[in-house]
Each structure stands twice: as C-alpha cells, then as structure tokens.
Amino acid sequence: MELPEECWESIFNFLEHHRYFEPLSLVCNRFLSITNHLRHTLTITDPTLESLPRLLLRFPNLNTFIFRDFHGNLDSVLFQISHSGLPLKSLHVSNQRSFPLLGLKQLGSKMRNLTELNCSYIGSLKDSDLIEIGNCFPFLEVVDISYPDHGCGFSPNGSLDSNSFPGLVTDYGILGLASTLRRLRKIDLSGNPFITDQALASLSLNCLLLSEIGIRDCDFITQNGIALVMRKSGNLKSIFMKGVGIPSIDVRFKDSFAYARGLCELDLSNSFMSDELLCLVAEACLPLHKLVLSRCFCFTFDGICLLLSKYQSLTYLDLEGTNFLNDESMIELTKFLVNLTFINLSLCSKLTNSTFFNLTRNCPLLNIINMERTNIGVEEFPTEIVVNPRVKSLYLAWNNSLNDECIKMAAYVCPNLEALDVTYCSGITEEGILAILKGCLQIRCLQINRCEGVKNLEIDFELPKLEVLQAEGLGINDEALTSISKRCCWLSHLNLEGCLNVTARGVEGVIVNCKALKEMNLRWCNNVSADIVVWMVLSRPSLRKITLPRGSFPTVNQRKFFLGHGCLVCEG
C-alpha cells in the first residue's frame, strides 16, 4: 500500500536539517516534490545568485531568507524576492556594507507580513532607516539592529567625521520604531552607543508585548533605564546587558528584580556582582531557567551558592571567568544543578578532571559542557565514573594539560558525543583522537586545530556521521587525508589551513570520495597548486566555497566562471 504524502511529510520532518533532503530528492519525483514543499529556509550567498530565480520557483513554501557572505546587490535580490509571492516571515540581512533601503521598501510594498528582521552589523544604520522599517513592516515581532558598523564615519583620531558620517541610531529612531511596531516582542539594541534611557522608556510605553531586550555595550543606558524597563514591561522574560554596576549598583536597579515577575533569562556579563545583589535576585523568586554571569566580579562562593540553591530549575548556566571556583566548590554547586542542560566554566583555571566527571555524574540532563582554558587533564580520575548519554557537545580548547588518557575517558563517559573541540590542546596525540572517533560513532563535528601532538591521522574505520573536520596546522599527509576521505562519506566542511604536508594528490582524494563536500580551506597549503581548482569545481558540483593557498588570486573572469558553477573561490 502506498503511503499518502502527509505520512511522508511527517517522516521527513523528523530530519534535523533540510540538508538531509537532498539525497531524498534524488530517489524519485514524488520525494523531490515533497522535499521541495518542506523547505522553508534559503541561505543566499554569492554562488546562489545565478540560480536564485529557479530556487524561488522550486521551493514554494520558503518563508526565511538568510544572506551570508553576500557581496552582491542586495537591493536587487530583495526586489526579486518581493515579486516571488512567497509567504515571507523572516529576513536576515546582517553584515552588509550598507542598509538596503530601496530593497526593503520594495519588499514592504509586497510583503508587509514580515515578523522577523535581522539587520545586525550593518553599515551606516541611522534613525531614518529605523523609521522606514516600522513603516514598511508594521507587524514585526523580532528586530535585531545590534552593533551597526559606523567605522567609515570616524576620523583617524576617533572623532566624528562630518563629511563622511551618514548618521546614527539615537533615541529618535527607537521612538519612531517603537511607535509603529505594536506587536514587537524581541529587540536587540546592543552596540548602539548613542541611545539612552529614553529609548527604553519609548519601548516600554509603546510595545506592551515586549518580552526580550538586549542592551549590551550601550554606553549611555544607565541602571535607572534598565530598572524602568524591568518595572514597566509586564511581559518581560529575557534581558541581556553588560557592565552593570560599574562603579556601583543603584538602589532602584536592585529593587527592580522584585517587579520582573516573569523574568526567565538574565544576562549580566562583565558586571559588578555583589553578594547583596545575588541575594536580591534569589529573593525575587523569578522563573529563571537561564543565568549568565560571564566574567562578573566581586561576588563570592556564598553568593552564587545561595542563588543557585534558590533556582534549581536552571537549565543554562554561564560562569565563565569565575576565578574562585575550584573542584571542591563545584561539588557543592552541582547539588543544585540537576536540571542543567548547558554549562560554561571556561577561564576557571582551578577546575580539573574532578569537576568534569562530577558534572557528567551529577547533572544527568547535561547536553553541552564548555571548559575551555581550565586545568582539565590535571588530577586523577575519580573512582566513580558514570556514563552520561545526554552529553552531545564538549568544548575543551586551549587546555594544555589535556592528554590522551583523559580524552579516552571522556569518550567512555560521553558515548553519544556529536561535537568536540580540542583546539590548541598540545597534549593530545592521534591516539586520543582515534579513541574518540571509535568510541563516539555519532560525532559530526571535530575540531583539532593546532593540536601539536597530532602528527598524522590515518583512519581505518567508517565515520558515516562526521560532517565537519577542522584540522588546521596539523601534520596530515596525503595518505592520511585519503584515508579520512574514504571513511567520511558525508564530510561537508574541511579546514586544512596550514597543513604543509598536503599536496594536490590528497586534495584529489577528498574531491573524489566526499560527495557532499561544500567547503574546503587550503590557505597556507603551500604544496597545493591553485591550478587544481578548476578540476575541483567541475568534479564536485556540491562545492560552494574554496579558499585558495596563500598568494593565489583568482581573476575576475575566473571568479565569474566559478560562481556560475555555484562555488565561491576566495584568495588565500
């Protein structure tokens, strides 16, 4: 009996990412049609441009467009999208040199139902742009205008250059935006240095549904402004700030936590964090599940212990740079962290193996552990080792004491590991890396950049799940590279920057064997000639980006030729 399309759609929806639709689409015309209708997101890069008209017709349910590494005419592309008739809901145009005013106006005339707009890190953003955003897309619910790039508007001595400076985001622009976006729920204002408390007052007054606000690196926003938004925004659930309490904590700010009854996520990075303030947060009885105190100072173990004892439902905890933490104190804190799924303890230099295995034992729901630049690798292993199948990601970069024995034990404790980063861990050799790969068959992303102990890496067993291999600066040779390519059939991203023993022969093996390869970085691979690039692009149609060896420069005509085949070729 043949299954109806609804059943196939339900089955395909279990796939974690639309990249897995590609092999399904090759099975038959019916699967091609189903996967085309299930695709909702399109990432537009330079190589995408030529095929964009066909893609807009092929995927009728696209509702999210993300521009990434895009250097073309953004206004022109937005014009194409505006005439596509697609049900557009989300648009990401971050990291662009200039604000695409004309394109967004055209888009707004055709697709006014946009609910999410990301304009972060965009060049020359100014008040008039924000007012146009509000006029074009009145139903926006999520807006990101963080960290606009105004570098061109400053003279060499750091003062404003009136001749080239196009404008700034100020309170006036935020007022114009807030007065038109009545449905606004989330906004990130971080990195806009000239907005003040008045901007927060405008948002609190006009955007009654506001639930999340980011105000990192906003120099003229004071504790009074933060206190106002926490008191007046009844639906506030998340607030992200930075540098609070320097030089001191204001009384109104302290008291504001008692009013923010719905606050679930609190980020106070790089702030003066006294035990008194932690006590007030604890007494507020908030429904907190995410707490970020990264690089905060002036609080003690007693303060953080009291806070965590009150919020044992926390799922996300960031204590990066909390220098007083040691293995003994972490034993006490983990008693309160039974629901934790993410923890960041990077730059806590007193933490060793004991803390790592204590976390995997006492935090049964833990999914991600970040312990970069700690002292993991030091101390003996505890006598009680408990397997934690929930741990999927380990970020252990820059730990010079980390060795093969420790990484082997990590593989035993975390058998379902999918991502591992041991960049700049000089004590690890290929023996430890192979143990991880053999013990963790679900691994998808492996970052072993600059691991001086890894001289080579020959693999003689299958790794069907590995998709990303970052092997920058290793002594890998052609034989090892060929063995990797034969065993990693789904490898899509390969970074070989600075691998001096790799030649064209090793690269050829990767191109032949890795049929899903999308990106390859050959910068500083001095024994690889750029002459091989034409063959690479023509032989592997899946390639989307190649970074050439240092000193190689594709001509304008060559770039156009490669882009015509869907691949962006960058100079080394």
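The model is predicted, so local features need pLDDT of at least 70 and side-chain atom pairs count only at pLDDT 80 or more, while totals for chains, interfaces and linings use all residues. Residues are numbered from 1 along each chain as its sequence is written, and side-chain values use heavy atoms, with hydrogens and water left out.

**Aromatic rings.** The structure holds ten aromatic pairs. In one of them, the ring centres of F356 and F357 lie 5.0 Å apart with the planes at 85°, so this pair is edge-to-face. Rings of Phe, Tyr and Trp (its six-membered ring) pair if their centres lie within 6.5 Å, and planes under 30 degrees apart count as stacked, over 60 as edge-to-face and the rest as tilted. F356 counts as buried at 1% relative accessibility, and F357 is buried with a relative accessible area of 1%. F561 and F562 also form an edge-to-face pair, with 5.7 Å from centre to centre and 65° between the planes.

**Charges over rings.** A charge sits over a ring if NZ of Lys or CZ of Arg is within 6 Å of the ring centre and within 35 degrees of the ring normal.

| Charged residue | Ring | Distance from ring centre |
|---|---|---|
| R39 | F59 | 5.0 Å |
| K290 | Y316 | 4.5 Å |

**N521.** This residue is found in strand β19 (residues 519-521); helices (H or I, at least four residues) and strands (E, at least two) are DSSP runs, numbered from the N terminus. N521 counts as buried at 13% relative accessibility. Leaving aside neighbours within four places in sequence, N521 is in contact (heavy atoms within 4.5 Å) with L494, N495, L496, E497 and T547. The N521 side chain also reaches the backbone nitrogen of R523 at 3.0 Å.

**Helix α12.** In α12 (residues 275-283), L277, L278, V281 and A282 are buried. They cover an arc of only 145° around the axis, which puts them on the same side of α12; the arc is that of the directions from the helix axis to the C-beta atoms. An α-helix has 3.6 residues a turn, so residues three or four places apart point the same way. The buried residues of α12 pack against α11 (251-256), β9 (265-269) and α13 (301-310). C285, which follows α12, has a positive phi near 55°.

Methods. Buried < 20%, exposed > 50% of the residue type's maximum accessible area, 1.4 Å probe, protein only. Polar contact = N/O pair within 3.5 Å; in protein donor to acceptor, adjacent residues only side chain to side chain.
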